[in-house]
Amino acid sequence: MKIVLLKEPKDKDSGSDPYITELGLYGFEATLIPVLSFEFVSLESLFEKLSHPECYGGLVFTSPRALEAIKICLKENSKNEAWSKSLKQRWNTKPAYVVGKATASLVEEIGLTPQGEKSGNAEKLAEYICSREKPNSSALLFPCGALKREVLPTVLRERGISLEGLTVYQTTQHSDLQESLSSYFSQQGIPASIVFFSPSGVKFCLQHIQKLSGDFINHIKFAAIGPTTAEAMEAAGIPVSCTAESPTPEDLTAGIQKALCSQNC
């Protein structure tokens with residue numbers, strides 16, 4: 001059975017995408033269609049803040065893209081040297097909170113130790129942070145996207161935990177999205193399932209999918225990578241057949257299997 005994954009491919013240097021690999025183990029033929037493009041901004045400001053770990057109580061990452069911004073900074077020799085010689089060790093005395101495994105692995109790549117990776121979403125990560133941080137202590141540095149949700153900042157603020165956000169990337173629709181979707185539907189037909197990986201994906205893709213699917217849209221099982229995306233799907237009128245228990249290839253595959261089995265078994 002064919003599955004469409006509305007997500008960006010994993011870093012080209014990291015081998016095949018783990019979602020395609022996992023789904024393939026269970027006989028699914030998965031195709032990635034990139035939905036989003038990212039423009040990185042304020043990178044000088046980001047490194048300036050990273051250069052002063054003494055001003056912060058720790059780091060918070062809710063997106064792999066925030067780590068990509070740091071990795072871009074560290075491509076510059078002088079900044080990489082400063083990071084390797086002292087900044088990395090100094091940040092490692094403080095927590096680096098992350099929302100999931102993908103973000104955690106990127107935190108490890110820059111030499112830090114992630115905490116909270118089993119949280120899976122912003123709400124649970126906020127509770128995890130609140131269980132470890134004392135009110136009115138040093139602010140946590142939060143590199144984030146322009147479209148960040150306010151759940152985590154709101155919960156921390158209500159508990160007296162200071163969070164200093166810095167927008168380091170902006171999200172736009174991928175330039176090839178419409179063409180990629182049209183090409184897939186014309187060549188592969190109607191997929192058994194389509195997986196949304198972000199509220200932005202719902203916003204940018206839904207109209208195209210409705211047009212391309214026509215009357216067959218009711219045959220598609222729509223899946224969400226997490227509760228935030230599921231909420232966006234429901235708000236847009238998409239029936240959510242399954243939501244991954246946590247944002248991992250294993251949990252997504254299990255959810256899709258169950259949803260498709262309920263239809264065909």
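Two strands pair if DSSP finds at least two bridges between them. The exercises below apply this definition to a predicted model.

**Exercise 1.** Determine which strands pair with S7, and in which sense.

*Solution.* Begin with strand S4, residues 58–61: two bridges join S4 to S7, and the two strands run parallel. Within this pairing, glycine 58 stands opposite leucine 140 of S7. Turn next to S8, which pairs with S7 in the parallel sense over six bridges. Here glycine 145 stands opposite tyrosine 169 in S8.

**Exercise 2.** Decide how many residues of strand S7 are buried, and examine each of its faces.

*Solution.* Strand S7 spans residues 140–145, and six of its six residues are buried. In a regular strand the side chains alternate between the two faces of the sheet, so each face is to be examined separately. One side of S7 carries Leu140, Phe142 and Cys144, and the other carries Leu141, Pro143 and Gly145. Every one of these residues is buried, and both faces of S7 are therefore covered.

**Exercise 3.** State the helix and strand content over residues 19–253.

*Solution.* An unreviewed UniProt entry annotates residues 19–253 as the domain "Tetrapyrrole biosynthesis uroporphyrinogen III synthase". Over these residues the chain is 46% helix and 20% strand, with the end C-alpha atoms 8 Å apart.

Terms used
Residues numbered from 1 in each chain as written. Predicted model: local features only at pLDDT ≥ 70, side-chain atom pairs only at ≥ 80, totals over all residues. Heavy atoms only, no water. UniProt positions renumbered as here; feature names shortened; annotations may be inferred. Helix = DSSP H or I, 4+ residues; strand = E, 2+ residues; numbered from the N terminus. Buried < 20%, exposed > 50% of the residue type's maximum accessible area, 1.4 Å probe, protein only.
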